[in-house]
Amino acid sequence: MTYFRSHILVCNDPVCTNKGSMEIMQALIDEISSKGLQDEVQVLDTPRIGNCENGPEILVYPEGLHYINLKKDQIPFLVEEQFLKGRPIPDFLAPPKKEQAQELGEPTAKEVRVVLRNCGKIDPQNIEEYIAEDGYQALAKVLSESTPDEVIDTVRRSGLRGRGGAGFPTGLKWSLTRDTVSNTKFLVCNADEGDPGAFMNRSVLEGDPHSVVEGMIIAAYAIGATQGYIYCRAEYPIAVRTLNIAIEQARAYGLLGEHIMGTDFSFDMEVRKGAGAFVCGEETALIKSIEGKRGEPRPRPPFPSVKGLFGKPTNINNVESYANVPQIILRGPEWFSSMGTEKSKGTKTFALAGDVNRTGLIEVPFGITLREIVFDVGGGIKNGHEFKAIQTGGPMGGCLPTADLDLEVDYEKLTQAGSIMGSGGMVVMDDETCMVDIARFFMDFIQDESCGKCVPCRVGTRRMLEILTRICNGEGRDGDIELLEELCVEIKQDSLCGLGQGAPNVIVSTLKNFRDEYEAHIYKKECPAKVCRALIQYEIQADKCVGCTACARNCPVDAISGEAKKPHSINPDTCIRCGICKNVCNYDAILVK
Amino acid sequence: MLNTITNTLQIDPTQNPELAAQIDAILEEHRNKPGCLMVVLNEVQTKVGFVSEQIQDYIAASLHVPVSKVHGVISFYSFFTTRPRGKHTIKFCLGTACYVGGSPQLIEKAKQLLGIELGDTTEDGNISITMEACRCVGACSQAPVVVVDDTIYGRVKPSKVTQLIRALEKEG
């Protein structure tokens, strides 16, 4: 391995590539060669350095300098100053990190990085950088020192639970598959991260794919699997590419294939792409999809650990579960179980999105409160608004109000509060969010993604959507709330898979915590948050309007009239209440009634 | 759009040797994998851009499975399209963060500019633009997100939608 004195990481995120980061990368490579520094400075591309707003961005190591807004003609100067003379250029550097949105920035004090420890630090396309960070040591340790039963016992003692959302103990799952007698067993990694508002798995797959590959090889050794599949969403092309590179490199290093590390253990894996069906995140549907069929769930038992992929015993875990395994082996189960709460051990990654100042990826130990996540890690609510609700666990989760902010996050407590852990999406909503509209939005998603196999989910979610749409349109009737409640109970009880069973959560939780909003919509025909279009009107306040014409120019239906430099007015008959005028107005002159 | 499709040459592998050769290559590469149907359809969708009924017939015959099975898979997954798309595709993310972040307004703006509904394709002369809504693309911290062809644009404002569409029209 050649040693470089300096490394340049160029952001290859779509947003940065669009701004020309690949051209910058080529210019850097050319300039470095022309100065004869090619053996001293290495140029790599990696996803996500900053927030890409100031792309193209690069990071220079070991100094950790963050250059932004680079242009091609600045590169010769940059290379000469930074790499030939060793002087950083303050003018090109990113301003010190403040309250800015970032997907994976510097960890805050409350964060602990286990799964994300390498993301953004190593070149995900280079196995040697992963090995340099103790990569594949856990595998070597397992293959040389432990029997499969000892591996399972270690994982069991660590208290690791399925990170896909259900929280089934991973060690127990492995031993169930191990105990099933069969000459062929399969291992599957669920990378079908379909929850809107969640991108934890994508970041791990793109930033540190080898940790997942290593975790899977260890799991395969423990349960006796010979073939593995990573089922990844088609919407994540970069993740698929990075995984394929990782698998190829692992194969070239003898870490996959026949006789891994010279032992009798053989295992190989491939990536299978999904095709945009949310329900395929459910394990039995995912199995059907890998088999090349419609991804419809089936009743359990038999569980996949007994009868799974192609009828053989199959162990399915989430990306994050596998990524935890190498660290548990290396640092020991006691280290892992020292973090978290009584029943939920270790850390969990969350994708924090919505109306907080710092959106992005976080990794925190279980037991942290929602308040700490929103206000300490997330930096509070944007634009000085009030916190209203936090929606956890994707579309099958519920909305938790201010009263639940001091809840300690773990599997049990979230379920008790009427939400779920889910895969880890967290969307924060401020006081401008209408909870009935949010419920309608999620029901629209669920109804659309229902696979149609079982009646309660197929028909029930559609009826619930109709009722919610009616309420949002100001046509809600007396008795609608009770009807919703009845439907919720039945759909939850009678649906086949997690999608149907979780479908009512968002309605149940919003009815419980924000019932007054439903009542205002139905009985007073008012939308307290001023969101539902049928129940609001836009007006221009003549005393604030300066007649800049910004609203009139941006109105999609030409409902705004008025002369330049004189107050404008909105015609309520043509206005579609899209709210664009309010967004573009710099004088705060648009009033919503 | 329908007018252009009547040209079956474009979508029927039995009449279009070039298309047939492209599909054959995909079939040969993957036919021995277990559960190959999904892999084949995924590749065809990516490389050809659509899986027309004629292509479904062709694949079914080649893999010796009933065409109903192929169509069953096609109709189940939203990634597959049976009609050729426009030259450019503009997609609006309707994930939670983007929805809360204002993507409905962006869609409104684009509808007005393009004069079509979601899922439709424009037909002005040589340029055709397909407008779609999509589920979360996993770029939630950049919400609201618009995907033009394969490029993701984050923190999009309605005025940016105008720019993006004008750029596509200019590019042709």
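Chain B is split into domain 1 (2-76) and domain 2 (88-171), with the bounds coming from an automatic or database domain assignment. Taken over C-alpha atoms, the centres of domain 1 of chain B and domain 2 of chain B are 28 Å apart.

A quick word on what you're looking at. This is a predicted model, in which local features need pLDDT of at least 70 and side-chain atom pairs count only at pLDDT 80 or more, while totals for chains, interfaces and linings use all residues. Residues are numbered from 1 along each chain as its sequence is written, and chains are lettered from A and ligands numbered from 1 in the order in which they are written.

The model comes with ipTM 0.81 and pTM 0.82. For chain B the mean pLDDT is 87, and 94% of its residues reach 70 or more; pLDDT is the predictor's confidence in each residue, from 0 to 100. Residues 1-6 of chain B fall below 50, and beyond near neighbours in sequence this stretch has five contacts in the model. Two residues are in contact if their C-beta atoms, placed from the backbone, lie within 7 Å.

**Chain B overall**

The C-alpha trace of chain B spans about 50 × 35 × 25 Å along its principal axes. Its secondary structure comes to eight helices and four strands, where helices (H or I, at least four residues) and strands (E, at least two) are DSSP runs, numbered from the N terminus. In sequence order the pattern of chain B is α-α-α-α-α-β-α-α-β-β-β-α. Of the 172 residues of chain B, 42% count as buried; a residue is buried if 20 or more other C-beta atoms lie within 10 Å of its own, exposed if 12 or fewer, and partly exposed in between, with C-beta atoms placed from the backbone. Among contacts in chain B between residues at least 6 apart in sequence, 58% join residues at least 24 apart.

**The sheet in chain B**

The four strands of an open sheet in chain B run in the order β2-β1-β3-β4, with mixed pairing. Two strands count as paired if DSSP finds at least two bridges between them. β2 (129-134) and β4 (151-153) of chain B sit at the edges with a single partner strand each, so one side of each has no neighbour in the sheet. From one strand to the next, the twist averages 20°. Angles run from 0 to 180 degrees between N-to-C directions, and axes are lines fitted to C-alpha atoms, for helices over the stretch in contact.

Inside that sheet, β1 (residues 88-93) and β3 (residues 146-148) of chain B pair in the antiparallel sense over three bridges. I90(B) has V148(B) in β3(B) as its bridge partner.

| Helix | Strands it lies across | Angle |
|---|---|---|
| α7 (residues 103-114) of chain B | β1, β2 and β3 of chain B | about 150° to β1(B) |
| α8 (residues 158-171) of chain B | β1, β2, β3 and β4 of chain B | about 5° to β3(B) |

**Over to chain A**

Chain A is assigned domain 1 (6-92), domain 2 (127-336), domain 3 (347-430), domain 4 (435-524) and domain 5 (537-592). The C-alpha centres of domain 3 of chain A and domain 5 of chain A lie 36 Å apart.

Chain A has an open sheet of four strands too, in the order β2-β1-β3-β4 and with mixed pairing. At its edges stand β2 (41-46) and β4 (65-67) of chain A, each with a single partner strand, so one side of each is left without a neighbour in the sheet. Strand β1 (residues 6-11) of chain A pairs with β2(A) in the parallel sense over six bridges, and V10(A) stands opposite D45(A) in β2(A). Helix α2 (residues 21-34) of chain A packs on the sheet and touches β1 and β2 of chain A, its direction making about 170° with that of β2(A).

Elsewhere in chain A, five of the five residues of strand β8 (residues 314-318) are buried, so this strand is largely enclosed by the rest of the structure. T314(A), I316(A) and N318(A) on one side of β8(A), and N315(A) and N317(A) on the other, are all buried. Strand β5 (residues 186-191) of chain A pairs with β8(A) in the parallel sense over five bridges, with N190(A) opposite N318(A).

**Where the chains meet**

The contact takes 44 residues from chain A and 36 residues from chain B. On the side of chain A that touches chain B, the elements giving two or more residues are α1 (14-18), β7 (268-273), α11 (283-290), β9 (347-354) and β13 (425-430) of chain A.
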